[in-house]
Amino acid sequence: MRFGNTGALAVALTLAGGAAMAEEGLRAGLPEGFVLGFSAGEGGDMIREYLRAGETLEAWSDLVTVQRFAGLAGVDPLAYVEAVAANLREVCPDARVTPPDATMAGPYRSAAIMARCPVSPRTGATEVFAMRAFAGAQAMHVVQYAWTRDPDPAEIDAAIAFISDAVLCDPTRSDAPCPAGGHLP
């Protein structure tokens with residue numbers, strides 16, 4: 001499995017920081033057909049969940065989750081994804097998790113995993129996800145693509161491209177410029 005750059009996706013959006021984005025934020029190409037299903041934030045933390053149009057948070061097939069954890073600024077993203085994998089194995093003993101892929105994403109450290117739980121204790125169904133975490137100066141930023149079924153190889157490739165193409169940027173840093181494109185407040 002490869003988590004390197006694989007090309008841009010259709011719609012650019014800002015996944016933290018607001019419309020003007022005066023601080024570091026995560027940008028990714030939102031897969032076509034996805035809409036905002038949930039958004040909350042407090043004290044520098046944020047979560048947004050996007051699902052396919054027509055689905056609900058109670059009954060979804062594909063889900064994109066973006067999180068910002070201000071309290072985890074400076075935490076090693078490799079340690080973060082390893083902790084996620086360990087927690088998954090506690091609640092799903094038959095889980096399979098790829099070895100973490102730690103890379104530099106511009107000036108930021110990042111790490112990615114892919115995991116599968118054959119019977120999720122939350123839903124009773126198979127759940128699979130690809131996740132990438134970025135260690136920002138202001139927060140830990142996480143992007144994840146998940147399914148409530150076993151995805152086919154093309155879907156896996158698209159999800160890996162999605163998390164691989166995510167960019168942590170900061171308009172105040174010359175070594176972490178934000179790419180052009182629309183954004184979602």
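**Strand pairing and disulfides in a predicted model**

Strands S4 and S5 (residues 62-69) pair in the antiparallel sense, with six bridges between them. The structure described here is a predicted model. Within this pairing, Met46 has Arg68 of S5 as its bridge partner. Strand S4, which spans residues 45-52, is also joined to strand S3 (residues 34-42). Strands S3 and S4 run antiparallel and are connected by eight bridges. One of the bridge pairs here links Ser39 to Arg48 of S4. S3 and S4 form a hairpin with two residues between the strands, and in this hairpin Gly43 takes a positive phi near 60 degrees. As a general point, side chains in a regular strand alternate between the two faces of the sheet.

The model contains two disulfides. A disulfide is a covalent bond between the sulfur atoms of two cysteines. The link of Cys92 and Cys117 is right-handed, with 100 degrees about the S-S bond. Cys92 is located in the loop between helix H1 (77-91) and strand S6 (96-97), whereas Cys117 belongs to strand S8 (residues 108-117), so the pair ties together parts that are 25 residues apart in sequence. Cys92 has a relative accessible area of 4% and is therefore buried, because buried means under 20%. Cys117 is likewise buried, with a relative accessible area of 3%.

Cys169 and Cys178 form a disulfide as well, and their sulfur atoms are 2.4 Å apart. The torsion about the S-S bond of Cys169 and Cys178 is about 95 degrees, so this disulfide is right-handed. The accessibility of each cysteine in this pair was also computed. Cys169 counts as buried, at 0% relative accessibility, while Cys178 counts as partly exposed, at 26% relative accessibility. The value for Cys178 falls in between the cut-offs of 20% for buried and 50% for exposed. With bonded cysteines counted along the chain, the disulfides of the protein chain follow the pattern 1-2, 3-4.

A further position examined was Ile160, which lies in helix H2 (residues 153-165). Ile160 has a relative accessible area of 6% and is therefore buried. Ile160 and Ile113 are 47 residues apart along the chain, and their C-alpha atoms are separated by 9.6 Å.

How values were computed:
Residues numbered from 1 in each chain as written. Predicted model: local features only at pLDDT ≥ 70, side-chain atom pairs only at ≥ 80, totals over all residues. Heavy atoms only, no water. Pairing = 2+ DSSP bridges. Helix = DSSP H or I, 4+ residues; strand = E, 2+ residues; numbered from the N terminus. Buried < 20%, exposed > 50% of the residue type's maximum accessible area, 1.4 Å probe, protein only. Disulfide = S-S within 2.5 Å.
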